[in-house]
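Hello,

Here is the structure I promised to pass on. My notes follow it.

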Amino acid sequence: MQISIANHSSYPTDGGPSIAAVAAEQAAAGLDLVTDGQINWRDPISHFMATLGGVRLGGRRTFFNSTRTFQQPIVNAPVTRGRSDLLANFHQARGAVTVPVKPIVTGPYTLARLSRIEPSAYAHYQNFAVDLSAILAHEVAALAAAGATVIQIEEPAICYDGLHDIRLLRNLFEPLYAARGNAEIAIATYGGDADPIYPQLNSIPADIVAVDLTGSTALWDTIASTGSGKTLALGVVDGRDSTLEDPVALASRLDRLLRRYAPDAIYLQPSCGLRSLTPTQARAKLMLLAAVRRHLQAV
């Protein structure tokens, strides 16, 4: 089995490094798949939403059950595509490393659920999410055409009382998957417990399913007992806590989890973005993943 080490999404800076420098630092830590670090993102929601027509930004809100906040988009008209920096950031990161760069895109379901939608714009968040999916499909197509091999679509909102919206999520991913070109699409959840929706995640039009294992013993057991029909990206080190996990214990636990795993590839990564850590702490977390892989290969 091919075991690859990846960053989940964001990477901390001390205010100085460029996207190229952050990408190079991740590669130097031994990663096989790096990101642009999202170093110019104000937050996961408003960074992209601020580029769209029909949207203005309101006050700050708490990002699910974390201490992070985001500036809430207020949708007052049907949205139109603007000019995002996703492609430019990808080019900057890609020019600095020899390993692949994974672009990060916040998904249409999460963007819709965390926006405030005026009735004059959309009657329901579902309709808004459909329009967002069509816009994001253009971004996915551009990133794939530029050479992205894996594009991560982040949908943390589906873990928070989103079980009834799995069919909607599946429909929202169809245009994104159709636009992927030669790239693989990863659906990523984090923060909330993905165990109740794990079987449904395997039905989403995507090639890779990324889950946060750090807060759910049940999810470890579910994957161990059922395996996966898709390649998994396992968030096995906590991206919110600087405490370093035991790589030997993690490798042993992963060995048990993978007994029924059929795909011939897997990714090990942090549970979420590393923005809440210092650069030194983030580097230690990434180097720990490489140690977990070495121990897992030796089991």
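Let me start with the largest cavity. β6 (150–154) and β10 (265–270) each give at least two residues to its lining. Helices (H or I, at least four residues) and strands (E, at least two) are DSSP runs, numbered from the N terminus.

This is a predicted model: local features need pLDDT of at least 70, side-chain atom pairs count only at pLDDT 80 or more, and totals for chains, interfaces and linings use all residues. Numbering runs from 1 along each chain as its sequence is written, and side-chain values use heavy atoms, with hydrogens and water left out.

**Cavity.** The structure holds 1 cavity of 30 Å³ or more. The largest cavity has a volume of about 40 Å³. On a 1 Å grid over the protein atoms alone, a cavity is a set of points where a 1.4 Å probe fits but cannot get out; a pocket is an open set with protein on both sides within 12 Å along at least five of seven lines; lining residues have an atom within 4 Å of a point. Volume is the space filled by probe spheres set on the points, which are joined across faces, edges and corners. Among the residues lining the largest cavity are Leu 33, Lys 102, Val 150, Gln 152 and Tyr 267. By class, that lining has 6 nonpolar, 2 polar and 1 charged. Nonpolar means Ala, Val, Leu, Ile, Met, Phe, Trp, Tyr, Cys and Pro; charged means Asp, Glu, Lys and Arg; the others, Gly among them, are polar.

**Pocket.** The largest pocket holds about 370 Å³ of space. It is lined by 22 residues. Phe 63, Ser 66, Arg 68, Tyr 190 and Cys 272 lie nearest its centre. The lining splits into 8 nonpolar, 9 polar and 5 charged residues.

**Overall.** The chain has 10 helices and 10 strands. Its radius of gyration (over C-alpha atoms) is 18 Å, close to the 19 Å that the globule rule (2.2 Å times the number of residues to the power 0.38) gives for 299 residues, so the chain is as compact as a globular protein of that length.

Best wishes
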